[in-house]
Amino acid sequence: MINTIIIIVVALALLYLLVIYNGLATARNRIAEALSQIDIQLKRRTDLIPNLVETVKGFAKHEKDVLENVTKARSSLMTAGTTQEKAEANNALSQTLKSLFAVAESYPDLKSSQNFMELQAELSDTENKIAYSRQFYNSNVLDYNNKIIVFPSSIIANSFGFKKAEFFQASEEDKKEVQVKF
């Protein structure tokens with residue numbers, strides 16, 4: 001009888017350990033999937049940018065610096081490796097795109113060009129998807145990090161080497177108030 005109780009208690013403890021471990025592993029995989037979704041949207045944006053730059057080039061030949069900065073920022077994003085590097089490159093690209101759209105404001109023919117308007121709409125849609133993907137990623141990171149620090153799963157997380165994940169953060173520049181002037 002005692003042996004049966006011991007076997008049941010050990011089996012329940014192992015089952016509990018398995019459930020917690022699987023929950024942590026699943027949460028870690030959700031983070032990887034969410035980061036992949038960010039990458040997909042960032043790739044979509046980097047694919048749209050050459051078309052946008054070429055469209056603007058036709059109208060704004062003397063705006064060489066702005067166009068080069070957009071191209072450099074796009075390249076940096078494509079080569080970013082870590083989550084932090086991707087966040088920084090993403091923020092830099094967002095800033096250069098703001099400059100590009102400011103240049104476009106100076107060219108009424110460009111603003112009314114169907115290609116430019118479609119590209120701008122696609123880019124805007126992509127920016128919204130990036131924002132959603134970042135939010136989804138950060139929600140998964142929060143869930144995962146909470147699982148790692150709460151008892152008793154923290155014991156299992158530490159035993160099996162689960163480490164805290166990084167949040168995808170906005171730069172200080174992105175946090176500044178946007179000035180709209182007419």
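L17 sits in helix α1, which covers residues 2-59; helices here are DSSP runs (H or I, at least four residues) numbered from the N terminus. With a relative accessible area of 30%, L17 counts as partly exposed, because that label covers whatever falls between buried (under 20% relative accessible area) and exposed (over 50%), using a 1.4 Å probe and protein chains only. Keep in mind that this is a predicted model: local features need pLDDT of at least 70, side-chain atom pairs count only at pLDDT 80 or more, and totals for chains, interfaces and linings use all residues. Residues are numbered from 1 along each chain as its sequence is written, and side-chain values use heavy atoms, with hydrogens and water left out.

L17 also belongs to a nonpolar surface patch of about 560 Å², together with I2, I6, V10, L14 and F160. A patch takes residues with over 30% relative accessible area and no salt bridge, joining nonpolar side chains (Val, Leu, Ile, Met, Phe, Trp, Tyr) within 5 Å and like charges within 9 Å. The areas come from the Shrake-Rupley method with a 1.4 Å probe.

Now for the inside. The largest nonpolar core has 33 residues, and L24, L52, L97, Y137 and Y144 touch the most other members. Such a core is a set of buried Ala, Val, Leu, Ile, Met, Phe, Trp, Tyr and Cys residues joined through side-chain atoms within 4.5 Å. Helices α1, α2 (64-79), α3 (83-105), α5 (114-149) and α6 (153-159) each supply at least two of the core residues, and α1 gives the most, with eleven. Leaving aside residues up to four places away in sequence, Y137 touches I31, A34, L35, I38, T83, E166, F167 and F168, where contact means heavy atoms within 4.5 Å.

What about charges? There are three salt bridges, each a side-chain nitrogen of Lys or Arg within 4 Å of a carboxyl oxygen of Asp or Glu. R44 and D125 meet at 3.5 Å, N to O; this pair links distant parts of the chain, R44 in α1 and D125 in α5, 81 residues apart. D125 also meets K129 at 3.2 Å, four residues along α5, about one turn of the helix. K147 and D143 pair at 3.9 Å, again about one helical turn apart in α5. Salt bridges with shared partners join R44, D125 and K129 into one network.
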